[in-house]
Amino acid sequence: MAKYLAPLVLGLALLFGCNAEENKRKIIIILGAPCAGCGTQSPSIVKTLGVPHLDTGNMLRQASLSGTPAGLTAARMMKEGVLVTDEIVNEVVGDRIKQPDCAKGFLLDGYPRNVAQSAVLDKMLAKTGESVTDIISIDVPMKGLQQCVLHRWTADGGDEWTSNYMAFRVPKSLKSLPPGTKAQCQPDDLKHCNMWDDWTGEPLYRRADDNLETLAERVKIYHAQTYPVLDHYKPQGVVRAIDGYQPEPKVWADIEKGLGLPPSAGLIAVPTLAADVPTPMQAIMLLASGAIAIAVAVLTRSSNSEMSEPLLLE
Ligand code: AMP
């Protein structure tokens, strides 16, 4: 009997062991100084893994629009370039990671920003027997961050574009205009806006904190407070250091490798999405050309009706 029982027990243990591993949520943190490329790489990570992108900067910007006292405090602190209080951020994140769309895991972008937040996150995860599985740490020198911040344009939904820093991230609405055209987009003058999100069609705006002064302050805070987060997680062997100051596809290839994903042909998430959704200008052009084609067809048909009927009959 024992002869049959042992393999059975081992088989069941392996089976459940494998399932537990498969069912384990992928809990990824992406970290980098402001404009290091977290916003550029994150869409590819979430699309590849099928998990949501939890960008705390974006979540807090949305919260600040709510007009609640916590939201207004967050808005003021973000404008100054300082970190929003841990209490507010931890609560926003704690609520979000319990949502059903986080069942397979999630990507945290911009959180934890200090060791105290990591401790809270670890505690939240420990309640379900979980821990952080991967940390993508993107490194870019100060001159790269400055170039990026001076040209970054952001959509309400969080997508990030540029007016000239990296050619592949210039939106089609600007790319289609003569070289040297100045990027512009004012919420109260969308008629003259030439910066639109390729994927969602939203108008883009310049973030209030995207200037050299605020950048300097934010980088200082990053080094003082966020770097220690990496030290906190290093002993767990989950930190993947990525050189973010190299050609875009190389950065993505290194991230894939760090996450143990099979190699793909560059930033797979971005071109697919970009090809699927036309910009507002393209949509108008498409509709206009469709309408012209129908009008021409109708006019030609009525003026040539005598000729076209026999042709159809043939
Ligand atoms: P980001 O969009 O990540 O550049 O963040 C913009 C601003 O949001 C930061 O300068 C902070 O004021 C605030 N913020 C985002 N994430 C956090 C966080 N984890 N802790 C505190 N403040 C945050």
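**Exercise 1. Describe the sheet that contains strands E5, E6 and E7.**

Step 1. Strands are DSSP runs of E with at least two residues, helices are runs of H or I with at least four, and both are numbered from the N terminus. Two strands pair if DSSP finds at least two bridges between them.

Step 2. E6 and E7 are the edge strands; each has a single partner strand, so one side of each has no neighbour in the sheet.

The model is predicted: local features need pLDDT of at least 70, side-chain atom pairs count only at pLDDT 80 or more, and totals for chains, interfaces and linings use all residues. Residues are numbered from 1 along each chain as its sequence is written.

Step 3. E5 and E6 (residues 160-162) are antiparallel and share 3 bridges, with Trp 153 opposite Trp 161 in E6. Their hairpin has 4 residues between the strands, and Gly 158 takes a positive phi near 110° there.

Step 4. E5 and E7 (residues 204-205) run antiparallel and are joined by 2 bridges. Ala 155 stands opposite Leu 204 in E7, and Thr 154 has Tyr 205 as its bridge partner.

**Exercise 2. Are the residues on the two faces of E5 buried or exposed?**

Step 1. In a regular strand, side chains alternate between the two faces of the sheet.

Step 2. In E5 (residues 152-155), Arg 152 and Thr 154 lie on one side, Trp 153 and Ala 155 on the other. All four are buried, and both faces are covered. Buried means that 20 or more other C-beta atoms lie within 10 Å of the residue's own; exposed means 12 or fewer, and partly exposed is in between, with C-beta atoms placed from the backbone.

**Exercise 3. Which residues of helix H3 are buried, and what do they pack against?**

Step 1. The buried residues in H3 are Thr 56, Gly 57, Met 59, Leu 60, Ala 63 and Ser 64.

Step 2. Down the axis of H3, these residues fall within an arc of 160°, so they line one face of the helix. The arc is that of the directions from the helix axis to the C-beta atoms.

Step 3. They pack against E2, H4 and helix H5 (86-96).

Step 4. Gly 67, which follows H3, has a positive phi near 80°.

**Exercise 4. Which helix supplies the largest share of the shell around the ligand?**

Step 1. The ligand is surrounded by 16 residues, the closest being Thr 56, Gly 57, Leu 83, Gly 110 and Arg 113. A residue is near a molecule if its C-beta atom, placed from the backbone, lies within 6 Å of it.

Step 2. H3 (56-65) and H4 (69-80) each supply at least two residues of this shell. The largest share, 3 residues, comes from H3.

Terms used
Two residues are in contact if their C-beta atoms, placed from the backbone, lie within 7 Å.
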